[in-house]
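This briefing goes through some contacts between side chains and between helices. Keep the structure open while reading the points below.

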Amino acid sequence: MDAKSITVLEFPKIIERLAGLCGSPGGRELALQLAPSADVDEVRRRLATTAEARSLARLKPHFHMGQAPDISNQLLAASRGAILPVGEILEVAILLRTARHTKNQVAPLTRELPQLARVAQRIGDFSPLVQEIESTIDERGEIPDNASPALADARDRMRRIQHRLEQQLERTLRHAVSEGIAQESLITERDGRYVIPIKAELRGAMPSVVHDVSASGATLFVEPLAVVELGNRLREARREEQREVDRILRALCESIGVETGAIRAAIRCLSRIDLAQAKARLAEELDAPLPAENDPINWISGATDLVLHSARHPLLTGEVVPISTALSAEVRCVLITGPNTGGKTVALKTVGLLCLMAQAGLPVPAETGTRIPVFDDIYADIGDEQSIEQSLSTFSAHMTNIVRIIDSAGPRTLVLLDELGAGTDPAEGATLARSLLEELLELDSMVVATTHHGELKVFAHATDGIMNASAEFDAVSLQPTYRLLMGTPGRSNALAIAQRLGMPEHILVRAKQRAPTETASMEQLLGELQRERDAIAEQVRAERIAREEAEEIRANLAERREAIEAEREAVLARAERAMEDELAAFRRTMRASLKELEQRQSREQAEERAERRADEGRERLQRVRRERANRRRRRSQAKASEPQLQPERLAAGDFIYLRGLPEPGEVLSAVEDGALDVQLGALRTRVRVEQVERLAPSGTHEPQSARPLRGMGATVANMPKPPVDPGSKIDLRGRVTDDALPMVDSFLDVAYRAGQHRLEVVHGKGTGALRRAVRDLLRTHPLVTTFESAEPKQGGDGVTIVTLVS
C-alpha cells in the first residue's frame, strides 16, 4: 500500500489507538506492525478473527488474558546459561500462568471460535515448569528452606552460628556498657560483620577490630576479638547458603532455557489473541457493526462494487453525521461538490480510511449493506502540500503527487482527489481536472474527487461512469448539514458563507452584480434544482408522514378489532366453560346413578354367588364327611380283621405297613438287633422295628406275576402305582376368576388324597380381585384349616400359603 496515502488518510492514528487497547507488549507490537492486505482471503481471515473476538467477549464476559510481562530478555539470558534474578524468574512464571489460563479458556471453543481456538491450542503445557518455579520461589520472592535439603542444612547451621554470635555480643555489650566503654546497648552490622559502638577515647579498653567510625569521630564501630571467629564462621555459612541458592536458581534457569522455543511460540499465540481482543474493544468504542458475530464476511470481495451505508469517520467525536455512497462497474467515479466546511474532505477521507481498516481486519463503523472490495492500492491527494524548501507551490505539490498516482493507478486501485484543479487559473484548472478524470476512467480505477469547478459538474452530468454528489447546505440557516447527497451537484455558496461569517452587505451586493452571467445562470439553475429537490424531499416526507399516520390509524383499528375479537372470544369462552360445567355436572350425576345401579346389581349378583358357593360348600362338606365316615368305618373293620403286631414274630414273606408310606412292604428277614430287611417295590432297605406301623391283612397282597429285569437274574413283583403327586404349588396368573376357582378346588382334592398338607396358590397381586375370590373359596372349603400370605421374599400378597386337614 502507498505509505504516503496511508498517512494522509490518518490510518496510523487508528493503529495507535488499537495498540493502546492491547494488554501485552507482544500484542502492541503486532498492532503497530499491522498494515492493510491486498489478498482477499487474508482480509477475510483477519475480519473473521475480529468477529470471533467479539463472540469471545460475549461467551466469556469475565475472561481477561491477565498479565503478560515482556520476558524476551529473560529468555535470551536463560538460553545462554545465565542465572536470572528471582524477580525475573517470577515474571516468567506469571507469563506461563497467563498462557495456561488463556489456553484453558479459549482452546475448548473450537466450534464457536475456530480460528482463535486453533491459536490457543498451539500454546504448550508449561505446568511442570510453573510447578517447579512455585515450589522453589514463594509468593514473597524468597527461596524457602525446603527448596533443597542442602539449603535447609546451610540455613540451619547459619542460624545456630548467628544465635551464638548474638549471645556473645550481648554479653560483651552489657559488660562494655557497665564499664562505660559503650554509650548505648546497640548491635549493628558493617560490611556483613556484627559490631558494637564504643567511645573512641576508650579504644584500648576493649580488644577489637574497628570496622567503621561515626561522622564526628567520637564513636567507633568495633567487632570484639571474642566474636571474630564466630563472625568468620557466620560469613562462611552465608557463602555456603548463597552457593546453594545459586545452584537452585541455575537449575531453574536451565529448565527455562530448555523451554525457550516453546515459550516464545506461546508468547506469539498470546499476542495474536491479545490483538484480536483489542480489535473487539475498538469495535465497541467505535460502535462499529462490522464484522458482526458469526459474520460470513461476504461483504468483502474482489469485485468492483464499493458501497458504504451510513458510514462514520472513526476519528470524529460527538454527534457524527453518517454518509452513504456507492461505486460500481457502471459508476466508477463520484464527483463531490458543495461549499467549503461542508464535509467534502471528511467524506473523501471516510471512504479511504474505512477501506484501509477493512483490509487490515479492523472493525468498520458502517451499517449492514456495506460492501467493500479489496484494492491493490489506495492513493490519496488531500490537503495543502506546498513546500518552501522544495520550491513547490500548492498547485505544484498537487500535480507532483497526482503524476505519481497516474503512473501507478490501475483496475484495482482507489484514487481520492481533493480540490481537483484548484490552485491555478480556474479555466485551465477545470480543463486539466477533466482530462485527469478521463485518464483515470480509462485506467479503470475507482475515483472519488471533490471540486468547486462548475464546468466539472456539467462534465460529470454528461459523462457515463461519473456521478455528481453534493455536500448539503441549509440555505435558511446558512449552515452545512454534512450530509452527502448522491446524484445532485452542489453549490459553492461562497457568498452565503461569507455573509454568515460577517462580510459587509455592500461587498456581497457588488460581488453578485459582477458575477459572470454563465456562473450566475448555473448557480441559479443549481439553486432551482436544489429547491426542486427540497420540494420533492418535502413531498416524500409528507407522504411518509401520511403513510405513518395511515399506518398508525390502521394499527389502532387493528388493535380495536383485536380487542373486540378478544372480548367476543372471552364471552364465548365463558359461555363454553359454563356449558362444559353443566355438562360435567350432568355426567357426574349420570355416573353416580349408574354406579349406584351397578352396585345394586353387583350386590344382588354377589349374594347369588355367595348362596351358590355356600350350597356348593355344604355339599362338598357333606361329601367329605361321608367319605371320612366311610374311611373310619373301613379302617375300623380292617383293624378288627388284621392280626395284632408282634415284631418278634415277623417272618419273611409277611407284609407290613411302615409309618408314612401308603403301600405295604414285604418282610425279607426276621428281626435281628431291633431291625429287619423290607422289600418296598423295587427298593430293598433295612428299617427299625419302631417304624413298623401295622401288619397287612393276610391275602390282601398276593404277589403278582413277576417280570424279569433285563440284565439281572432277580425278579420284582409288580407293585401298585402310588397316587399321582400334584405338587405343592398351583399358578393361577393370567386366569379369570371363573376358570381359576374350579382349578383350585380340584387341586385341593388331589393334593389331599396325595397326602400333601402345605400348598402354595400363586395368584399374583394385580387388582386383588383374583386373590379375594381364591381366599373366599379357601375360607369355606372343608379341606382347609388355615391360609395366609407368603413371606415378602416368597411373593408376599401375590401368594397364599394353604394348610390342609390332617
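**Rings, charges and helices**

The count of aromatic pairs comes to zero. The model is a predicted one. A search of the whole structure finds 36 salt bridges, and some of them are described below.

**A charge over a ring**

- Although the count of aromatic pairs is zero, a ring takes part in another kind of contact: the charged end of Arg190 sits over the ring of Phe221.
- The distance from the charged end of Arg190 to the centre of the Phe221 ring is 4.3 Å.

**Salt bridges**

- Side chains of opposite charge can pair when their charged atoms come close.
- Arg157 and Glu240 form a salt bridge, and their closest N and O atoms are 2.3 Å apart. Arg157 lies in helix α9 (residues 149-179) and Glu240 in helix α10 (residues 228-258), so this pair ties together parts that are 83 residues apart in sequence.
- Arg157 is partly exposed, at 28% relative accessible area, and Glu240 is partly exposed as well, at 29%.
- Arg412 and Asp376 meet through their side chains in a salt bridge, at 3.5 Å from N to O. The pair links distant parts of the chain, 36 residues apart. Arg412 is in the loop between α13 (394-408) and β11 (413-417), while Asp376 is in the loop between β9 (372-373) and β10 (377-381).
- Arg412 has a relative accessible area of 32% and is partly exposed; Asp376, with 39%, is also partly exposed.
- Glu142 forms a salt bridge with Arg140, with the closest N and O atoms 3.7 Å apart. Is Arg140 buried or exposed? Arg140 has a relative accessible area of 64%, so it counts as exposed, the cut-off being over 50%. Glu142 has 42% relative accessibility and counts as partly exposed.
- A network of salt bridges links Asp145, Arg155, Arg159 and Glu241.

**Helix packing**

- Two packed helices are described by the angle between their axes and the distance between the axes.
- Helix α4 (residues 40-59) packs with helix α11 (residues 260-286) at an angle of about 75°, and the axes are 8 Å apart.
- Angles of 65 to 115 degrees count as roughly perpendicular, and α4 and α11 are therefore roughly perpendicular to each other.
- Which residues of α4 meet α11? On the α4 side they are Arg45, Arg46, Thr49, Thr50, Ala53, Arg54 and Leu56. On the α11 side they meet Arg272, Ala276, Gln277, Lys279, Ala280, Ala283 and Glu284.

Terms used
Residues numbered from 1 in each chain as written. Predicted model: local features only at pLDDT ≥ 70, side-chain atom pairs only at ≥ 80, totals over all residues. Heavy atoms only, no water. Salt bridge = Lys/Arg side-chain N within 4 Å of Asp/Glu carboxyl O. Buried < 20%, exposed > 50% of the residue type's maximum accessible area, 1.4 Å probe, protein only. Helix = DSSP H or I, 4+ residues; strand = E, 2+ residues; numbered from the N terminus. Phe/Tyr/Trp six-rings, centres within 6.5 Å; stacked < 30°, edge-to-face > 60°. Lys NZ or Arg CZ within 6 Å of the ring centre and 35° of its normal. Axes fitted to C-alpha atoms, helices over the stretch in contact; angles between N-to-C directions. Parallel < 35°, antiparallel > 145°, perpendicular 65-115°, else oblique. Contact = heavy atoms within 4.5 Å.
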